There are 2 protein chains.
Amino acid sequence: MVKPETRTGKSYHHGDLKEALLRASLELVDEKGPHGFTLAEVCRKAGVSVAAPYRHYRDKEALLAAIATAGFELYHDQLARALEQSEDKTFKGLTTLARTYVRFAIANPPRYRVMFSSDLSKAKFPELYATARRAFDVVFCTVENCLIASNKSTENTYVLSLLIWSHCHGIATLCVDGFLREIAVEEQVDHLIDLAVESFTNKIHGSP
Amino acid sequence: MVKPETRTGKSYHHGDLKEALLRASLELVDEKGPHGFTLAEVCRKAGVSVAAPYRHYRDKEALLAAIATAGFELYHDQLARALEQSEDKTFKGLTTLARTYVRFAIANPPRYRVMFSSDLSKAKFPELYATARRAFDVVFCTVENCLIASNKSTENTYVLSLLIWSHCHGIATLCVDGFLREIAVEEQVDHLIDLAVESFTNKIHGSP
DNA sequence: ACCTGAACACCGTTCAAGT
DNA sequence: ACCTGAACACCGTTCAAGT
């Protein structure tokens with residue numbers, strides 16, 4: 001973890017402050033949410049001065065983008081693992097992915113919020129978008145598998161993947177942001193997701 | 001608009017500062033987005049001291065909640081008007097609503113973001129939730145009409161409405177937040193929405 | 001090269017004081 | 001009752017200075 005320290009006693013504070021800041025930031029976001037996230041407090045956690053981060057991140061926004069990127073990497077891994085463990089890589093795999101997607105959001109709202117924060121310009125942080133795209137690719141490939149298995153054209157794979165992704169994202173967002181107050185969320189969310197996948201599946205079967 | 005002013009010359013600044021603050025806030029949010037929204041700047045716009053708002057709103061969050069509430073009222077009106085103008089109040093009406101929904105978001109991202117801001121606790125601002133619920137009701141009623149027109153049970157109206165709402169919300173959010181980079185958004189968003197409504201419609205026809 | 005200390009502008013909130 | 005002025009704590013960012 002810690003890079004080989006320079007040997008001049010204890011010279012400065014860290015071997016890898018950049019990484020340490022990211023770790024402290026992830027903790028802080030999980031604790032207080034993106035709203036309560038403060039550069040100053042990250043510095044306190046990492047034990048450095050408030051000016052230190054600027055050597056490694058251009059500004060607060062850049063650090064948030066790094067948090068989001070790390071979040072999407074984790075997201076990708078969880079989706080990929082879930083798909084691996086599913087025996088079926090087509091329609092049942094899709095259900096697995098969809099459930100995993102929403103569970104991730106519910107299990108960690110603050111991080112999910114940072115990942116999809118509207119404050120983070122995707123044009124400004126291409127790596128953020130690229131990492132999100134990689135996670136999305138797990139869905140994309142599965143949808144492609146579904147189409148192939150159904151003897152359908154794969155030319156609309158992207159739009160169809162967008163369709164199922166947006167639906168999961170919509171449910172997850174509404175759920176996490178407290179808009180689903182008239183149902184027992186914890187119990188019914190899987191049901192909602194299943195319905196979403198089901199209507200999507202029907203859509204595929206009905207498409208050319 | 002302006003309440004009857006007390007006659008002691010020009011006594012203080014406003015007849016209705018609360019309303020003036022809300023108007024200034026809406027402008028500011030539309031200009032700079034929720035991130036750039038600042039109490040101090042609202043005060044400057046309204047021409048009052050920075051302490052003045054605290055007589056009318058408990059804190060910054062409460063003012064944001066008021067903005068969001070006003071947003072949902074407008075949202076409700078636009079949805080209701082769109083439905084009125086649609087000759088069909090069932091499936092075609094649903095398409096109209098869905099398109100109106102997403103267009104609203106695209107036409108004014110900052111306000112849409114405040115409305116669905118995760119920082120605004122719905123438990124803390126029941127009026128915010130109630131107003132959102134009223135907008136949602138337009139969808140709810142239309143879904144109910146669809147079910148009735150199809151001779152289906154209406155016992156799952158809520159969950160089904162949630163399904164179409166979340167799908168629209170997911171698409172709108174991804175769109176507004178810059179995640180739809182591989183399609184020409186402006187042109188294809190209506191198409192996406194139509195696909196969403198279509199698969200939803202099939203779902204209804206296939207349900208008990 | 002990497003970090004500190006001090007400084008600056010700005011913000012949210014409070015409170016005594018004014019009318 | 002409604003607003004101001006001044007004050008406080010806190011934050012993001014910069015920059016000269018240290019090692």
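**Two pockets in a predicted model**

The second largest pocket lies between domain 1 (1-57) and domain 2 (65-206) of chain A, because both give residues to its lining. The domain bounds come from an automatic or database domain assignment. This is a predicted model: local features need pLDDT of at least 70, side-chain atom pairs count only at pLDDT 80 or more, and totals for chains, interfaces and linings use all residues. Residues are numbered from 1 along each chain as its sequence is written, chains are lettered from A, and side-chain values use heavy atoms, without hydrogens or water.

**Second largest pocket**
- Its volume (space filled by probe spheres set on grid points joined across faces, edges and corners) is about 340 Å³.
- A pocket is an open set of points on a 1 Å grid over the protein atoms alone, where a 1.4 Å probe fits, with protein on both sides within 12 Å along at least five of seven lines; lining residues have an atom within 4 Å of a point.
- The lining holds 14 residues, with K18(A), Y57(A), A66(A), T69(A) and E127(A) closest to the centre.
- α3(A) gives the most, 6 residues; helices are DSSP runs (H or I, at least four residues), numbered from the N terminus.
- By class, 9 are nonpolar, 1 is polar and 4 are charged.
- Nonpolar means Ala, Val, Leu, Ile, Met, Phe, Trp, Tyr, Cys or Pro; charged means Asp, Glu, Lys or Arg; the others, Gly among them, are polar.

**Largest pocket**
- The largest pocket has a volume of about 1,200 Å³.
- Its lining counts 38 residues; S117(A), S118(A), D119(A), S117(B) and D119(B) lie nearest the centre.
- α3 (60-85), α5 (109-115) and α7 (157-176) of chains A and B each give two or more residues to this lining.
- The lining of the largest pocket has 16 nonpolar, 11 polar and 11 charged residues.
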